[in-house]
Each structure stands twice: as C-alpha cells, then as structure tokens.
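Visitor: I have just opened this structure for the first time. Could you walk me through it, one feature at a time?

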Amino acid sequence: MTTSNPRRIVPPSGMGLYVHVPFCKTKCPYCDFNTYQGIEDLIEPFLLALTSEIKRWGDTLAHPAVKSIFFGGGTPSYLPKGDIEKILASIQASYQVAPNAEITIEANPGDLDGAACAGILAQGVNRLSIGVQSLDNYLLNLLGRRHQASEAVEAFKFARQAGFDNVNLDLMYGLPNQSLDQWRRTLDSLIELAPEHISLYALGIEEGTPMHRWLEDGKIPEPDSDLAADMYQYARESLAAAGYHHYEISNWSVRGRPCEHNVVYWENGPYLGVGPGAHSRLGDFRFWTVLSPRDYNIKASGWAAANVQPIDELVEAALENIPTLAGWEHLSLETTCSETMFLGLRLLDGLNTSQASSLAGIDLAKKFQAPIQECLELGLLEQDGDCLKLTESSYLIANQAFTRFLG
Ligand code: SF4
C-alpha cells in the first residue's frame, strides 16, 4: 500500500542522528548489543557502506537538519584513526548540521590517551562518553572489560587535558558480588572527577549471554535487587549533594548539560539511525537496519542502484525500496500517544501534557484520564498543573506506571 505524506518528515528544528559502530576488540560476557569481536576485516568496507548509507539517506530526506549526532556501538573509539572524521565529513556533506549540534562518541578507556583524545576533538566531536563501568578491578575483570580502574581515571584526565568540556561517565551497579561499600567508593571517586554527566545502569543479565550461563551454572550469584535499590538510593543522595541534577531515571548532569541526543528519544522526537541494526523513528514510521555487518556492507552498496523517491512524498514506497532496511512499521496514533507518555515520563522534571498534546495532535490528559488517575492514586505519579511526573519512590518501579499507558 502506498500513501502520500505531504508534510516534511524531519521538522526544521532537526532530528537526532545515531551512527552504530558494530565493532569491539573483545565482547563483554554480559553484552547483548549488536556488536562483534574478530571482524576487523569488515571495518574498511563498513566505512564505505556507512558513508554511502549516510549520503543516500541525506538525499532521500532532502538534506534535513540535524541537531545531534551520537556514535554508539560497539566501540566507536576502536575505529582506526581518522575514520570518525570521514564519517562526520559525509554527514556534513549531506545534512544541515546545526552549528551548535551536540556530537557524542562512546569510548572505551583503553582507547583514550592524550593523542587519541586530542584527535577525536579535532575531528569535530564535542562530547565524550566514557564506559568506566566500575572503579574496582575485580568487578571490571568479572565484566570482561579491557581496562583497569586507573586507566579509566587516566582516560578522563586525558579528555580534560585535550579540551573536552562535556564528558559523560557510565557506571554499572547491581553487579554479581558487588558490595555497597565497593559501590560507594566507586561513585565517590567518580564524583571527585567532576564530569558534566553521569549515567548509571543496573546490570541486566540477558538470556544467551555468557553471563547468563554463569548464572545458570551457579558460578555467579543471582542479582540482589534490594541491594541494587540501596546502591541507586546512595547514588541519588550523593549526586544531589554534589550538585548534579537527576533529570532522567538513569541520568544525572550538571545544569544545562543533559545528553541532548537522548532527550530526543525521551521526547519521542525524530531520529535516524545508520549502521547495522540501528533503529529510526521518522514521521509516523519506525524502521530498522539489517543486523549483520557483513550483510549491511553488501546492501548499503546496493543502494546506489535502488530507486528511492524522497521519503516525505511516498513514505511507504520509499521504505520498501531501501536495501539496508530489515523492516519497518507504521506507528498508529495509539502507539505514538502511548510512547509519548511513557518515554516523556522518564524525564524526571515531568511531562508537560499540554505541550505534548499539541505535538501529538490529541488531548493526552483526556485520552489517558483513567491510567493517569490510577497512577496518581497509587502514588506512582504526581501532578502539578499541566505537569505530570514520577514520584521519587517510583523511580525504580517506573514500569508499573509505564505499562498502564500501553494500549
Ligand atoms: S565494550 Fe560495550 S558494546 Fe562492546 S562488548 Fe563490551 S559492553 Fe558490549
């Protein structure tokens, strides 16, 4: 079926652009991301495929505005020197990148020395997100990370010396055999470094990962959710005392330095994902790219021959013809409204239902009157005028609120 869609699919304010880099030097035992070790022979063709996909999307979307770029993975910092610059040049050539666009790269501490940090900054990246994960060498080893705690601290210092003034540090908690004292020491040391942004993730042990097998074989203990909750509470208190703003369930920043790219997701805004397995949400459509880096490299080069009309004119026909896509779905108004609610409520300053309603084109407070009332009565949400937000006691059980907004 083909429908015409006369409105532009990317608003003038721009979209987020996510670039997936599917390479890691080693695969961590808990990781279920679309990333691989031992396929370095695919890096060079990947660069060609990726820059080709970037250009084709730029043409197809009529050179849209971009307000944030995020290199994730995988380990973008594992790419050979100069590759990020080439990718950014291809983006600049085919999109209107805002002069103040946030450009983030995820990096492993082991990849960052003084020269690497200076090189990344010189390539046009202005935000660094370092995967510290822990400052305890036993836990880093258990997580299969390639770095030692001291290297993570050094990496941060190199970033500062190079001139990065917007740095995120990622930590994980709720780890097997992790004590509250270990967590306190790690977090206190991290706060002393004074990064602009801190992300804290509870370890999830996903089926199919080596860590899941260790759990089944009794080699590691079951995660202790009560202890993880205590760790989260300690983090909330100590980060607040250090002046960090808790702006999203898992994210803290100094004022004015949230991750703008992730805010696009939480505000249910438009974003394009390029690279293997990347997801996009543009207009009323969600679509995703083939997972396999090898297939991706082949299919991206096939796009040169594919006839894809500008996507804002014949959206579904265009999506059918894009060779790198593995699938797409049309988002109903129902889905869009639900997602606007539960994504927006992740932002702890709250969801302004009037603003969100005018973007969604429907009165969300009226549409979700019953679940909102239920959440208010259960103490999961609180209301202040048009603003609806999670109560502090519901941050760790936010899914109990979110599921009530699903159709
Ligand atoms: S470095 Fe990150 S992306 Fe790569 S395997 Fe480890 S957790 Fe996964």
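This is a predicted model: local features need pLDDT of at least 70, side-chain atom pairs count only at pLDDT 80 or more; totals for chains, interfaces and linings use all residues.

Visitor: Which strand do six bridges join to β5?

Guide: That is strand β6 (residues 197–202), and the two run parallel. To find your place there, look for Asn168, whose bridge partner in β6 is His197.

Visitor: How many of the seven residues of strand β5 are buried?

Guide: Six of them, so strand β5 (residues 167–173) is mostly covered; a residue counts as buried if 20 or more other C-beta atoms lie within 10 Å of its own.

Visitor: Where can I see strands that run antiparallel?

Guide: Go to strand β14 (residues 381–384), which is joined to β15 by four bridges in the antiparallel sense. Here Asp384 has Cys387 of β15 as its bridge partner. Two residues lie between the strands of this hairpin, and Gly385 takes a positive phi near 65°. Strand β13 (residues 351–352) also pairs with β15, antiparallel, over two bridges. There, Asn352 stands opposite Cys387 in β15.

Visitor: Which residues of strand β15 are on its covered face, and which on its uncovered one?

Guide: Leu388 and Leu390 make up the covered face of strand β15 (residues 387–390), while Cys387 and Lys389 make up the uncovered one.

**Cores and domains**

Visitor: Now for the inside. Which residues have the most contacts inside the largest nonpolar core?

Guide: They are Val19, Leu128, Ile130, Ala159 and Leu171, in a core of 82 residues. Helix α5 (residues 149–162) gives the most to this core, with six residues. As for Val19, setting aside neighbours within four places in sequence, its contacts are Ile69, Phe70, Phe71, Ile87, Val274 and Gly275. There is also a second, separate core of 19 residues, which includes Ala356, Leu390, Phe402 and Phe405. Leu390 is one we saw on the covered face of β15.

Visitor: How is the chain divided into domains?

Guide: Domain 1 spans 15–266 and domain 2 spans 333–405. Their C-alpha centres lie 28 Å apart. Where they touch, domain 1 supplies eight residues to the contact and domain 2 supplies nine.

Visitor: Which elements give two or more residues to the side of domain 1 that touches domain 2?

Guide: Look for α8 (225–241), β7 (245–248) and α9 (260–266). Of these, β7 gives the most, with three residues. By type, the residues on that side of domain 1 divide into six nonpolar, one polar and one charged.

**The ligand and some backbone details**

Visitor: Which residues are around the ligand?

Guide: The list is Cys24, Lys27, Cys28, Cys31, Phe33, Thr35, Gly73, Gly74, Thr75, Asn108 and Gly131. By type, this shell holds four nonpolar residues, six polar and one charged.

Visitor: What should I look for in the backbone itself?

Guide: Start with the general idea: most peptide bonds are trans, and most residues other than glycine have a negative phi. Here, the peptide bond from Gly73 to Gly74 is cis, with omega near 15°. Gly74 sits in the loop between β2 (65–73) and α2 (83–94), and both Gly73 and Gly74 are among the residues around the ligand. For phi, turn to Asn177, which is not a glycine and has a positive value near 65°. Asn268, also not a glycine, has a positive phi of about 55°.

Visitor: Where are Asn177 and Asn268 placed?

Guide: Asn177 is in the loop between β5 and α6 (180–193), and Asn268 is in the loop between α9 and β9 (271–274).

Visitor: Is Asn177 buried or exposed, and what about Asn268?

Guide: Count the C-beta neighbours inside 10 Å. Asn177 has 11, so it counts as exposed. Asn268 has 21, so Asn268 counts as buried.

Visitor: Where is Glu216, to finish?

Guide: Glu216 lies in helix α7 (residues 210–216). Glu216 is exposed because it has 11 other C-beta atoms within 10 Å.

Technical notes: Residues are numbered from 1 along each chain as its sequence is written. A residue is near a molecule or strand if its C-beta atom, placed from the backbone, lies within 6 Å of it. Ala, Val, Leu, Ile, Met, Phe, Trp, Tyr, Cys and Pro count as nonpolar, Asp, Glu, Lys and Arg as charged, and the others, Gly among them, as polar. A residue is buried if 20 or more other C-beta atoms lie within 10 Å of its own, exposed if 12 or fewer, and partly exposed in between; C-beta atoms are placed from the backbone. Domain bounds come from an automatic or database domain assignment. Two residues are in contact if their C-beta atoms, placed from the backbone, lie within 7 Å. A nonpolar core is a set of buried Ala, Val, Leu, Ile, Met, Phe, Trp, Tyr and Cys residues joined through C-beta atoms within 7 Å. Two strands pair if DSSP finds at least two bridges between them.
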